[in-house]
Amino acid sequence: MQRRYPIEWPSNTFMAELSPTLGQELLSLTPATIQPAGRILIRQGERTDRRVFLLSPTGTRPGALAKVTTDLPNGEQCLLGIRVSGELVGELASLRNLPRSATVTLCSDAEVRAIPEAQFIAFLRRHPEAGLAVAGMVAARLDWANRRREDMTGYDVPTRIGHVLADLFDRHGRSVRTGYDLGVQLTQVELGRLVGAKQAAVGKAMRGLRERGIAMTRYRRVIVLRPDRLRPPD
């Protein structure tokens with residue numbers, strides 16, 4: 001399966017930063033396969049699998065979605081972030097020659113390209129602008145992680161929830177009939193893992209957003225009604 005341009009990649013993703021020519025070259029490196037929701041692409045601690053994965057929509061869904069998790073020594077699981085169509089996963093292990101630092105699991109059916117490490121590195125060497133796009137992607141993820149650490153240090157759970165929803169909305173939100181879809185599907189447990197809070201505290205925070213007319217919830221969905229009010233004033 002070979003995807004042809006033009007493709008409307010989500011904004012602020014790796015593929016959106018590449019020119020159509022470079023994007024098509026990257027897509028041509030390896031064939032795509034349709035992988036089901038629940039498929040684990042990368043396992044934490046894995047040392048031998050050095051592939052880099054590129055996520056694309058299947059054509060029957062508006063976009064792919066994957067979650068990045070890590071298992072902590074105390075038995076808890078931490079949700080580090082989410083990845084959508086147009087993003088790479090697994091690039092750090094290839095760039096740093098280290099074992100996998102996290103597990104990546106598909107949350108939706110997705111078209112996946114498993115690019116061998118050698119081909120990916122050669123592509124970056126041929127095209128420095130692609131290397132800059134990777135650097136920008138990594139920097140954006142570091143910025144996300146820093147904001148989450150700042151939130152957990154200085155804010156209560158409702159504020160942390162508002163901040164993370166605002167960040168997700170800015171990056172992935174899209175207009176729908178009733179407002180703005182957050183663009184990603186998360187359970188309250190997963191949302192709690194993003195902000196370091198228990199499900200009960202997340203549920204209380206979400207009820208507050210509904211009561212103030214800022215957002216409404218559906219199964220695994222958040223519809224934002226007032227994006228300007230997601231970030232509470234300091």
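Helix α8 (residues 199-211) lies across β11 and β12, running at about 125 degrees to β11. Helices here are DSSP runs of H or I with at least four residues, strands are runs of E with at least two, and both are numbered from the N terminus. Axes are lines fitted to C-alpha atoms, for helices over the stretch in contact, and angles run from 0 to 180 degrees between N-to-C directions. Contact means heavy atoms within 4.5 Å. This is a predicted model, where local features need pLDDT of at least 70, side-chain atom pairs count only at pLDDT 80 or more, and totals for chains, interfaces and linings use all residues. Residues are numbered from 1 along each chain as its sequence is written, and side-chain values use heavy atoms, with hydrogens and water left out.

β11 and β12 (residues 221-224) run antiparallel and are joined by four bridges, with Met216 opposite Ile223 in β12. They belong to an open, antiparallel sheet of four strands, ordered β9-β10-β12-β11; two strands pair if DSSP finds at least two bridges between them. At the edges, β9 (174-176) and β11 (215-218) each pair on one side only.

Next, look at helix α4 (residues 117-126), where Phe120, Ile121, Phe123 and Leu124 are buried (under 20% relative accessible area; exposed is over 50%, partly exposed in between, with a 1.4 Å probe and protein chains only). Seen down the axis of α4, the buried residues fall within an arc of 155 degrees, so they line one face of the helix; the arc is that of the directions from the helix axis to the C-beta atoms. Ala118 and Arg125 are exposed on the face turned away from that buried side. Among the elements covering the buried residues of α4 are α2 (20-27), β3 (52-56) and α5 (128-154).
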